[in-house]
Amino acid sequence: MTSEKYLMVFPELCTGCRECEIACSLKHDGVVGYQKSRIRVIRDVFEGIEIPVVCMQCIDAPCMNSCRVEAIYVDENGAKIIDYEKCIGCRRCIVVCPLGANFLNPETGKPIKCDLCDGDPVCVKFCSTGAVRYLSPEEINSEELRLASKNYIKALIEREM
Amino acid sequence: MVLNRKLGIIDLNKNKVLVREIPVELRKKHLGGRGLNWYYLYNSIRPDIDPFSPENVLAIGAGLLTGFPALGAGRTQISTKNPMTGGVGDSNMGGAFGPQLRLAGFDHLLIVGKAEKPTYILVKDGGIEIRSAEHLWGLDTHTVQKAIREEVGDDRAESMVIGRAGENLVAFANVMNGIKNAGGRSGTGAVMGSKNLKAIVASGDIDLEVHDPEKLLDYSLEVDRRARNTKWAKTLGRLGTPLLYDVSYTTGFIGTLNWQYNTPGEDGKPLEAENLEKYSVKMVACIGCSVHCRHRVKIREGRYRGVVTEGPEYAAIGAFGTGVGVYDWEFVIKCNEMANRWGVDLISLGTTVAWAFELFQRGFITENDTGGLRLEWGNENAVLDLARMIVERQNIGNVLADGMLKASEKIGKESLYYANQTKGHPNLLTDERGIPSFALGIATSTRGADHLRSRPGIDLFQLPEETLEKIYGHRIVSDFTAYETKGIMVWWHELLYNVVDSLGICKFQTVFNSANSPRFEDYVPLIEYATGIRLTREELMEIGERNYTTERMFNVLNGFSRKDDYPPERYFREETKRGLPFMKGRKLDREKYEMMLEEYYRQHGWDENGVPKKETLERLGIAEPDYSMLEVL
């Protein structure tokens, strides 16, 4: 099944405010605490880095493919959802994620990941600059995406100066 | 729970740490952050204690809402006895330290004593450890934070640190977090230096449980959107505080060549906000803020090539621009970066440097005092070199580093006339002669000359009186050049800013420069959904009043009274020379000022000498200080 919308990040617009993280942990676990967030901002002001990291819901998802107990399924929004009834906490999905966007909940020892909030991601609502967006295929402007990644890489290189 | 974050009491003399609960009843009286800090300090610093003695206490406090995703609620308060005034010393800092302190399990820290050797305090996962900082002493504020992160092994650890200025006990030294978050004003960094304390580090991830997460999320979003969609916040998010400069210099509201003028006029054009764009890489924010008011800037070529930093703010334009007659963004960026690395309050530094330049012009200071440096207006090298001399306490810098009052005793009593200060605390490079409410605010501020205790920025908008009455609940005269009712306006803002400082909310997302921004009643649901504490708008205002009066009492006990509630004498004697018609030729009217001051005292329930009346203290529940709090150690 194809998802109708995609969660995209534009790091060059990220201000490092972490409102997405805070809102995510509040929504999912009712607490403020980054280890409960399904989106996390790599933030290093000394290096000039702000990068939101979140599951991009890969079509051919390594986390899902590698799960031996079939604990990850796709919902109607295209989100890869962890079924904790089945999950045995082997953490293979964390290891194989190419984006590092499957996280460990230290309390349960089990993985946590973005579930797209049933098609209404709270991180997107709290992002004031459009660094995290939920877009339908028509809304995705490939030129904008290309520019975003180009600027982003440029910023990383210039940082070295 | 949010309400289970602890109080840590640390005695650096005895190398001893105590962890205590913070009773909910105390929260209901003072909220947190600034309010609770001053409750603790009022009850632990005796009047005879010197700010640099080990008995002085440094209080760190996260606001009650610090860490939540609304209204820039990520702020931290640092309070102590002020080395420049001997009264209230108090700084409010953005950045990321406060949220991290709460995740490490604490809301407040009280630090007393003096470590034998350079030390840092590590607050981690509910515990507190005192560690050696001998290998960190001498490092600038950026380098030391990076080293600490490495040492602690947590890339989310946040530190508040001092730099060279704090180590050298420069009376206006800062504490710093990140590249540019400053616990500025009031010499908090110098007090840390006097305790041999290089850094306070917060690391950990203890979840903050909230009362009603769902409602908190919905309401946060609503109030956040409202704040960030005001015209003010939108412009701020694009241009940063330099946007204020454009208004200031065109009208005549910015101290120029140490307030000999009130604007540089056309000369100041290069410093317009739009001209900073060319250096701006992106806008960045404090934790929990959707306004993102600061630039990350980079100078790619020329004399200061390679400088990458954050800011500069409006204050830096005054401090290293108009104040000293240099009109060059690159120079302002460079000085801003240096000040942040040294860990020095750039407002106080700039004001002090500008003062020294005028004293040189008038012959109070000569080349003999400066090691040959000619303090001539517009001389970039002279500005940067004098600033460095102050931080390193060389030549005249050693005198100026003690603050304006002490320095004037050595330079000559008459020199104090040219110092723009109140209670010995240097002012921001703004010129309040044309705006009585602003003048009253800087003069009555508990921490000394200061625009962030009460400044009613919206006074300049001359809003319709019905609108003003709706906001303030009193009749307020619309004309910003008027004196009457402005005492009430200032009082209202004092309460508001105290409440937001105690909640950890940023002033830029509150009624300051936009009448449409959130105010008292808008915090009521936030507090309830986050903590379960139900407070009314009136109760919040009363807390603001209680907290502010506690600070006032601290000052009273330390010898302050009406005599200390006046702006610089120059404002009464010399007319402004430049600016638009409503700003030109203005000076303060002494008689009207006295009337305004008395109205302000009346509104507060203080007597004609500015001392809180007995019935006021009783009404607010402020008792005599008991000084027993730290005796448990």
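Q: In β2(B), which residue is the bridge partner of B:L7?
A: In this predicted model, B:L7 has B:R20 of β2(B) as its bridge partner, where strands are DSSP runs of E with at least two residues, helices are runs of H or I with at least four, and both are numbered from the N terminus.

Q: How many bridges join β1 and β2 of chain B?
A: Strand β1 (residues 6-11) and strand β2 (residues 16-20) of chain B run antiparallel and are joined by five bridges; two strands count as paired if DSSP finds at least two bridges between them.

Q: And which residue in that hairpin takes a positive phi?
A: That is B:N15, with a phi near 60°, in a hairpin that has four residues between its strands.

Q: Before the interface, what are the ground rules for numbering and confidence?
A: Residues are numbered from 1 along each chain as its sequence is written, while chains are lettered from A and ligands numbered from 1 in the order in which they are written. Because the model is predicted, local features need pLDDT of at least 70 and side-chain atom pairs count only at pLDDT 80 or more, whereas totals for chains, interfaces and linings use all residues, and side-chain values use heavy atoms, with hydrogens and water left out.

Q: OK, how many residues does each chain bring to the contact?
A: Chain B brings 44 residues and chain A brings 39, with contact meaning heavy atoms within 4.5 Å.

Q: What area is buried there?
A: About 3300 Å² is buried between chain B and chain A, and carbon and sulfur atoms give 57% of that; buried area is the accessible area (1.4 Å probe) that two parts lose on being put together, summed over both. On the side of chain B, the residues that lose the most area to chain A are B:R156, B:D207 and B:L217, together 20% of what that side buries.

Q: How many salt bridges are there between the chains?
A: The count is five, taking a salt bridge as a side-chain nitrogen of Lys or Arg within 4 Å of a carboxyl oxygen of Asp or Glu. One of them joins the side chains of B:E158 and A:R43, at 3.9 Å from N to O.

Q: Which strand of chain A pairs with β13(B)?
A: Strand β2 (residues 31-32) of chain A pairs with β13(B) in the antiparallel sense over two bridges, and A:V31 has B:E209 as its bridge partner.
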